[in-house]
Amino acid sequence: RKEKVEAKVQAMLAADARNRELANEAAMEAAAAMRVDPEAELRRRRQERLRRHPWVPAGVLVTAGILAAGLMQFRAGNREASNRFMRYRIMAQGITLGLAMLSLAATPTVDPVTTPLVPMEAVQSTDAQEGVSSRY
């Protein structure tokens, strides 16, 4: 009985690995058919995110700057200034997190930045042609 269960589990794992491999192949073929350069697409998405949500990276940079200033004060032995900068850093982190939440709330549900490179229909239709169950 135990061997049967183990054999079924191994068969399921092998089938799942094959399904993933076929889905990846189909995605790569569909991307090639659409002639999408992955590097250029990632660059475009990064620029689009920065255009839509500019305050989040700015908040991260401000937080990092305050942290660096606090660490320099700590290294110089100025504990009061170091503690003050660490409090400012926590405030900046909170503001950055709040800005991230606000920008996510303001983002439409269908975001061209987060949509997949390859439409799922292309993967599913290729899976259907090959007789593979599409669970992705």
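**Ser 103**

I looked up the side chain of Ser 103 in this predicted model and found one of its polar atoms 2.9 Å from the backbone oxygen of Ala 100. The side chain of Ser 103 also makes a polar contact of 3.5 Å with that of His 53 (a pair of N or O atoms within 3.5 Å; within protein, one able to donate a hydrogen and the other to accept it, and residues adjacent in sequence counting only if both atoms are side-chain atoms). Setting aside neighbours within four places in sequence, I list His 53 and Val 56 as contacts of Ser 103 (heavy atoms within 4.5 Å). I note Ser 103 as buried, at 16% relative accessible area (buried is under 20%, exposed over 50%, partly exposed in between, with a 1.4 Å probe and protein chains only).

**H3 and H4**

Ser 103 sits in helix H4 (helices are DSSP runs of H or I, at least four residues, numbered from the N terminus). I read an angle of about 170° between H3 (residues 55-76) and H4 (residues 79-106), with axes 8 Å apart (lines fitted to C-alpha atoms over the stretch in contact, angles running from 0 to 180 degrees between N-to-C directions). The two are therefore roughly antiparallel (over 145 degrees).

I found 1 aromatic pair in the structure (ring centres within 6.5 Å). Phe 85 is partly exposed at 23% relative accessibility, and Tyr 88 is partly exposed at 38%.

**Conventions**

Residues are numbered from 1 along each chain as its sequence is written, and side-chain values use heavy atoms, without hydrogens and water. Local features need pLDDT of at least 70 and side-chain atom pairs pLDDT 80 or more, while totals for chains, interfaces and linings use all residues.

Note on methods: Parallel < 35°, antiparallel > 145°, perpendicular 65-115°, else oblique. Phe/Tyr/Trp six-rings, centres within 6.5 Å; stacked < 30°, edge-to-face > 60°.
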